[in-house]
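Dear colleague,

I am passing on the structure below, together with some notes on what turned up when I went through it. Please read the notes with the model open beside you.

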Amino acid sequence: MVAFTVNGKEQNVNVTPDTPILWVLRDHLGLTGTKYGCGIAQCGACTVHLEGQAIRSCVTPISAAAGKKITTIEGLSPDGSHPLQKAWIAVEVPQCGYCQSGQIMSAAALLASNPKPSDADIDSAMSGNICRCGTYNRIRRAIHQAAGNDTQGGAA
């Protein structure tokens with residue numbers, strides 16, 4: 001049994017300690033906003049926060065979350081009012097949308113540690129998140145907009 005908190009709610013799951021957090025979230029807790037991408041921590045689709053830090057849930061065992069707090073895209077803002085979620089919509093970032101929850105979670109971790117990132121800061125922080133649709137310029141622009149700095153960023 002592993003005990004932890006997800007999106008402010010205490011959880012206990014009976015899984016082997018090496019079960020990836022991603023599968024606990026999706027299969028045991030029904031939180032399907034976090035996506036499976038590559039399974040080897042290379043694409044970022046599975047990004048969630050563990051104690052406020054962006055992690056790849058596909059390779060992080062649930063034992064690493066024992067007694068800790070996990071935040072998923074569902075917990076970032078229950079009503080979609082997080083500045084990044086608003087900016088994502090305003091800038092029309094998503095195309096297929098598959099990578100977007102991981103992108104937003106990485107961006108949220110960036111803004112938590114650097115509220116006014118430069119283009120270089122954004123590119124560095126987001127380099128581990130792959131978008132098959134190539135919406136990188138719009139992602140950068142949405143992050144700037146969420147940071148209240150809409151004068152920077154690439155073309156839409």
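Cysteine 133 counts as partly exposed, at 29% relative accessibility, whereas cysteine 99, at 8%, counts as buried. Please bear in mind throughout that this is a predicted model. The sulfur of cysteine 99 has its closest cysteine sulfur in cysteine 131, at 3.9 Å, which is too far for a bond, because a disulfide is counted here when two cysteine sulfur atoms lie within 2.5 Å. Cysteine 133 is likewise in no disulfide, and the nearest cysteine sulfur to it, that of cysteine 96, is 3.7 Å away. By this rule the count of disulfides in the model comes to 0.

The charged side chains come next. How many salt bridges does the count come to? The count comes to 1, and it is formed by the side chains of aspartate 123 and arginine 140, with 3.0 Å from N to O. This pair links distant parts of the chain, since aspartate 123 belongs to helix α5 (residues 119-126) and arginine 140 to helix α6 (residues 136-146), 17 residues apart. Arginine 140 is buried, with a relative accessible area of 14%, while aspartate 123, at 38% relative accessibility, counts as partly exposed.

Arginine 56, which is placed in strand β4 (residues 53-56), may be the residue you wish to look at with care. Arginine 56 is buried yet has no salt bridge, and the nearest side chain of opposite charge, again aspartate 123, is 14 Å away. What the side chain of arginine 56 does have is a polar atom lying 3.0 Å from the backbone oxygen of glycine 128. Leaving aside neighbours within four places in sequence, the residues in contact with arginine 56 are Ala41, Gly44, Cys46, Thr47, Ser106, Gly128 and Asn129.

At 26% relative accessibility, alanine 41 counts as partly exposed. Glutamate 51, in the loop between β3 and β4, also has a positive phi without being a glycine, in this case of about 55 degrees, and glutamate 51 counts as partly exposed at 46% relative accessibility.

Helix α1 (residues 21-28) has as its buried residues Ile21, Leu22, Val24 and Leu25, and these pack against β1 (2-6), β2 (9-13), β3 (47-50), β4 and β5 (69-71). In general, an α-helix has 3.6 residues a turn, so residues three or four places apart point the same way. After α1 comes glycine 30, whose phi is positive, near 70 degrees.

The structure holds 1 aromatic pair. The pair consists of tryptophan 23 and tyrosine 36, whose ring centres are 5.3 Å apart and whose planes meet at 35 degrees, so the pair is tilted. Here too distant parts of the chain are linked, with tryptophan 23 in helix α1 and tyrosine 36 in the loop between α1 and β3, 13 residues apart. Both partners are partly exposed, tryptophan 23 with a relative accessible area of 28% and tyrosine 36 with one of 36%.

Definitions and conventions. Residues are numbered from 1 along each chain as its sequence is written. This is a predicted model: local features need pLDDT of at least 70, side-chain atom pairs count only at pLDDT 80 or more; totals for chains, interfaces and linings use all residues. Side-chain values use heavy atoms; hydrogens and water are left out. Helices (H or I, at least four residues) and strands (E, at least two) are DSSP runs, numbered from the N terminus. Buried means under 20% relative accessible area, exposed over 50%, partly exposed in between (1.4 Å probe, protein chains only). Lys and Arg count as positive and Asp and Glu as negative; His and the chain ends are not counted. A salt bridge is a side-chain nitrogen of Lys or Arg within 4 Å of a carboxyl oxygen of Asp or Glu. A polar contact is a pair of N or O atoms within 3.5 Å; within protein, one must be able to donate a hydrogen and the other to accept it, and residues adjacent in sequence count only if both atoms are side-chain atoms. Contact means heavy atoms within 4.5 Å. Rings of Phe, Tyr and Trp (its six-membered ring) pair if their centres lie within 6.5 Å; planes under 30 degrees apart count as stacked, over 60 as edge-to-face and the rest as tilted.
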